[in-house]
Amino acid sequence: MKYKLINQILIIISIISISIFSAKSLSTKTRNINILMPAPFADSTKVLVKEFNELNRGNIHINVTRGPRETESVSDLGISSLLLGKSTFDVILMDVTWLPKYAAAGWLTPIDYWFSKEDKSELVEGAATGNDYEGNLYRWPLVADIGLLYWRTDLMNNPPTTPDELIRISKELQENGKIKYGYVWQGRQYEGLSCVFLEVLNGFGGKWIEGTEIGLNTPQSKEASEWLLQLIKEGISPKAVTNFSEPEALQSFKDGDAAFMRNWPYAWTELNSSSSRVQGKVGVTTMVAKDGYQPTSTLGSWGFSITSDSTHPDEDAKAIKFLTSPSSQKYLFKSYGYTPTSNEIFNNKELNKSFPILKSLRAALSVTKARPKTPLYAQISDVLQRELSSILTEQKGIEESLSDAEDNTQKILLSAGKI
Amino acid sequence: MIILLLLPAIVLIILIFCVPLIRYLWLSLHASSVVTGLEALPNYGANWFRLINDDRFWQDALQTSRFATLSVSLEIVLAFAIALLLDQRFRARGSIRVISLLPWALPTTVMALGWRWIFNSPYGPIDQLLILFNSNIESSNFLSNPDIAWITTVVADVWKTTPFVALILLAGLQTIPNDLYEAFRLEGGTKRQAIFRITIPLLKPYFLISIIFRLAQAFGVFDLIQVMTGGGPAGSTESLAMYAYINAMRFLDFGYSSTIMIASFILLVAAGTISFLLINFFRKVIY
Amino acid sequence: MTELNRRNTTILLLILWSITPLIWQLYTSFCSPEALISPFENIAKRWTLDNYRQVFQADPPFWRYLVNSSLVGIYTTFITLLISIPAAYSLVKLPRRIANVSKLVLTSVALFPYVLLFLALLEFARSLNLGNNLLALSIPYSGLSLPLAILLISSAIKDLPADLEEAAKIDGLNLWQRFRWILVPLIAPACASTAIIVFLFSWNEYPIALTWISKDELLTLPVAIARLAGSSVYSVPYGAYAAATVIGSIPLIIIMIIFQKQIVSGLTQGAVKG
């Protein structure tokens, strides 16, 4: 008797759940656009999405899927939905490094049809790169992200411009007991470490990959690695920096524990919020570089792509245009500190007056450095991250690590026929 | 007729377990990655050649074995102690059994997140306690030190699976008749001697099955590592399953990912056979 | 006396070892972000319910994942029992030699680290269009649970007196009737233990759910937990994580308390007979 009852309950439950799901899919008269965004972006675009949905009531409706916080996990989610087929997502907000891989896998629709040459010429330097693959446009930028050096205006008059200077100032401050740590950055084994290294490497005059040449086993690269290791060994950076990603670095800088921090533009708003202990005491500049070399900022822009599984790309493009319009950019910049992508905003006098950071951002944008553009980027960067992490945690010597990094990178490129 | 009843089970098991292995074998002989546009093209063993020369694969194989060996040995020892304890009669034994089984019942990802917080540096409780007792101490950096990070994953794994092993051993303990102990005591043996002379020898099959089961599970460790450390620092905690996962889902190299999975399977069977032979060998030598 | 004390201390240690991490999560879940960074300092605003509010106000709300996990668990348990009871029955009736071989095969399959299957299973999901479907997700889960379930139930059937079925046969009951009115009621306890173990497995499963489900509102609890994001977006959101883990643990703790006996007997049966 008992079991009969359980069986019946089970049947009822399955019928109910099936009917709920089917009812949901039948009642879609309006075009639904599913957009996958990393959690921070999903939160910051909430108002814009709502506005769009009200404007297009009955025709188009944007559903935002709030992805994980970590870039890598968002990519995992996007890939798994695309691999499953009949992707859940019509539009994906993509990091600049994913594009070649997704495009090569045939998962994206070219968007040249919806975005004209004039549209492109409106993009600011830095935001205009990294949106195409093999001659087709696949992505439209929402925010230009760039690596910046944050410094404490209450502890020094001018920020350092060279690596040696950064160490000198840090040591002075630490010795005088004014600050616990000199410099916090992203040292964990993940994409952020590649970004950090790219900046330092360029600052020392080196290159990661240029054309078919790999520059990891070079004197410059060695110097750059030595500098990063020195920061940890001499206590300028906390030991735990080898497990820091952006949030940990920000947390430490926000608590007033460090004189310098490497982070993305978003940190600005957070640092100047009321919960911050360094509110109003923060300046922004480009990364340090040795005398004679240009400082470099890693380019890390985010943009929208349309998946090839989407059945209504026209509506998708309309949504993308709305979310990336100058007025949206202005809103995102003002409320969340997102770096705008169009010249119009950077030239706006009023904005420049009330937000002096805009000038620093533009300066940084003009010295951005893109990471290698290849569908194999994830592997290549992974190799670099592993070896750098071994260096920073002193598992392996610098020379051994760098030569391994170069060898393995070469193997990957060779086995794919890319050299 | 009787066979018909077995049929759905056979079909499902073949579908879920055998077909994938055959598919992997086939894929491991093909290039199927983002570079080939996700098409499978025969590449005549290039994947296997790459695997043999892949330091990362061998490092992960070593790490996985190290993880499995240490956590299974700790689990067996701890579980044996717990089983001996729970075998005795005392008040509230039932509730204590429930409490000790809790870690096993919770999803791995849930508690992996918890352990990540516990070992967090510098805000986690262990670090804070260290600082509280000795404010001069550098923070512990459990998760960022490659020499220690893998041990934290062992701790989390031992915490989670010891109750399960304890339960199996407890079941074994309860099959041992009390008269045996009684007789041993009358002959003048102490309790401690009884454990080594009676309990452990009689429990051998249970030890064996727990060891085999846990070794196989620990060899496929994935959830725990992915959530706790993501494989870092310096790749020191990456397991074979994670490497295969990363190759498939992050690098979109299905051919190589399949190769890793087949190779892991072969390694596991080899390790199992060797340990089985070793155990047999020692048994013969000792007795 | 000393021995009793020693035993009590060990019991206490065991309890501490088992639940301290859980208690710490519970404590963390009620802490404000400021309290988290300095747990031993005096802070005015230490306690908060914000973490829970956040978890429940998320979109989709957190209870949704609990429902999803429960649904998958129920489907899986149901399918597994449906297939494994007849299979176990026929295994017992088979000639001894074949039965022993099948048992060996089942045992080794049950030991297989199933995480290695995810890629091929993902391909299944794609080619048969089974992704993002909770009922479909329970197919691989059932397949994975089958070996253990068959072993557990067949050992229960074997323990039944052999003449019982003979008597029923003589009374003129056909196979289905014998099954329904004699066998199933008698092995109900073993089925219950198996059911709970299968339910726990599918509730906690991670890698396959991770690759088969990409829709937010269909995520199961373990994947949702791993994906959860938090409070002030850019600081480490452990308070919210902790709140989610606490909520995610409660149903299991309740299950453990209610079905303690079945779980223990199921696991021990598996060990004794396997």
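Read along the sequence, chain C follows the pattern α-α-α-α-α-α-α-α-α-α-α-α-α, with 13 helices and zero strands; helices here are DSSP runs of H or I of at least four residues, strands are runs of E of at least two, and both are numbered from the N terminus. The model is predicted, so that local features need pLDDT of at least 70 and side-chain atom pairs count only at pLDDT 80 or more, while totals for chains, interfaces and linings use all residues. Residues are numbered from 1 along each chain as its sequence is written, and chains are lettered from A and ligands numbered from 1 in the order in which they are written.

**Chain C as a whole**

Chain C is divided into domain 1 (1–58 + 229–249) and domain 2 (62–227), the bounds coming from an automatic or database domain assignment. The centres of these two domains of chain C, taken over C-alpha atoms, are separated by 35 Å. Along the principal axes, the C-alpha atoms of chain C fill a box of roughly 80 × 65 × 30 Å. The radius of gyration of chain C is 23 Å, whereas a compact globule of 274 residues would have one near 19 Å; the radius is taken over C-alpha atoms, and the globule rule is 2.2 Å times the number of residues to the power 0.38.

Of the 274 residues of chain C, 52% count as buried, a residue being buried if 20 or more other C-beta atoms lie within 10 Å of its own, exposed if 12 or fewer, and partly exposed in between, with C-beta atoms placed from the backbone. Helix α6(C) is mostly covered, with seven of its 10 residues buried, among them C:F118, C:L119 and C:F124. After α6(C) comes C:N129, whose phi is positive, near 55°.

**Contacts between chains**

Two residues are in contact if their C-beta atoms, placed from the backbone, lie within 7 Å. In the contact of chain B with chain C, 70 residues come from chain B and 68 residues from chain C, and helix α1 (residues 2–27) of chain B gives the largest share of the chain B side, 15 residues. In the other contact described here, 20 residues of chain C meet 25 residues of chain A, and α4 (63–93) and α6 (118–127) of chain C each supply at least two residues of the chain C side.

In chain A, five strands form an open sheet of mixed pairing in the order β2-β1-β3-β14-β6, where two strands pair if DSSP finds at least two bridges between them. Strands β2 (60–66) and β6 (140–143) of chain A stand at the edges with a single partner strand each, so one side of each is left without a neighbour in the sheet. Three bridges join β6(A) to the antiparallel strand β14 (residues 302–306) of chain A, and A:P141 has A:G303 in β14(A) as its bridge partner.

A:C195 lies in helix α8 (residues 191–203) of chain A and is buried, with 26 other C-beta atoms within 10 Å. Leaving aside neighbours within four places in sequence, A:C195 is in contact with A:G147, A:T298 and A:G300. A:C195 and A:L299 are 104 residues apart in sequence but 8.4 Å apart in space, C-alpha to C-alpha.
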